[in-house]
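Have the model open in the viewer and follow the selections below in order.

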Amino acid sequence: MLHKLATAAAVAALVLATSVTAGAADFSEGSKAKAWNLYGEEKALFSGKVVDILCELSGDCPANCGDGNRQLGIVRDADSKLILVMKNRQSSFNGAAEDLLPYCNQKVDVDGLMVGEDEVVKAKFFQVQLIRPQGEGKFKKATQWTKAWKAKNPDAKGKGPWFRRDPRVLKQLAADGHFGLGVDYDQQYLAENE
Amino acid sequence: MFSTHLKSLLGAAALAVASTSQTAIASTAGNVIEIKGEIIDTWCYFSGVMGDTDATRGSAHHTCALWCAAGGIPVGVRTDDGDVYMVLKFKGEDALEQTDTIMEVQSDFITARGVHYKRDGLNYIVVEDVVANDGITYLSHEDYDSVPPFSAPKKPKK
């Protein structure tokens, strides 16, 4: 009897270890994420703790996860994997730190897309579309980036999306041109493509 | 009495569980490395949202890389073998801080020295020094023009 129980326990432990390391878990059940038709795209609804990635890796931990100046991630409850959250729900070149920051070191539920993974980099990244405190209330859309940008850049007036008016982008384009090859190259390009 | 077979099985199970808990939970100690690679916009590169991986780096994608870096999307260093190191800090500054250092090196091929961490299949780096900067070496605009097309230079409105 003892022999049978011990065998069963050992086999169960091996199966558990194998399933965790394989990382092939499906988190799509219940997801309401919108498809973007991206490389390796998989819908994913999961729970976890919002972390400052550098803090998690190294112990270098500024207050409040760096106040928006650090890349943030989520340590997923199901398998303790550190998920790099690369993108929010907006479609204009926006990261996810502003949407995760209010939940620094707190447990959340998130819904979105796992994306990427190629032949060399064997990992996926997360695009967060919806977020809420774990188990509490309605999900909120992850769209805080442009509001934060407007607050940081009150003098960036004018029409058009933020990236056409951003002072840091404009400064770099004025210095090195659109291809990074100099403003003279931009002029040459325009002359050749009239 | 346990058989030899069962002892082996239990040992393997204990080892597997211990190994799993280490890789899944424990932080990885950093080590100093030097890498050579191109500064890339990781979202467009990995997601395919703007095209394939060759089109979403180099000169063709330079303006979009500026937009993504300013937007707080992680910047990466892509080595020639296709590995990518996610930049967590750059030359002592936080990657998302309102400084221009990270903007100035977009699409450049650099030699970087820094502290490397690896967890759950991803490489991360804190870049402590740019040992060399060769500028933009991948002239992808010759094949792809401007990616996306709306990032091409425009004539000023009269």
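Which strand of chain A holds V85(A)? Select residues 82–87 of chain A: this is strand β3, and V85(A) lies in it. Strands are DSSP runs of E with at least two residues, helices runs of H or I with at least four, both numbered from the N terminus.

This is a predicted model, in which local features need pLDDT of at least 70, side-chain atom pairs count only at pLDDT 80 or more, and totals for chains, interfaces and linings use all residues. Residues are numbered from 1 along each chain as its sequence is written, chains are lettered from A and ligands numbered from 1 in the order in which they are written, and side-chain values use heavy atoms, with hydrogens and water left out.

V85(A) has a relative accessible area of 2%, so it is buried (buried is under 20%, exposed over 50%, partly exposed in between; 1.4 Å probe, protein chains only). Beyond neighbours within four places in sequence, its contacts (heavy atoms within 4.5 Å) include L72(A), I74(A), L100(A) and V128(A). Next select F126(A), another contact of V85(A); the two C-alpha atoms are 4.7 Å apart, across 41 residues of chain.

Now colour chain A by pLDDT, the predictor's confidence in each residue from 0 to 100. The average is 90, and 88% of the residues score at least 70. Select residues 9–23 of chain A: pLDDT there is below 50, and the stretch has 19 contacts in the model beyond near neighbours in sequence.

Finally, select chain B. Its 5 helices and 6 strands run in the order α-β-α-α-β-β-β-α-β-β-α. Of its 158 residues, 56% are buried.
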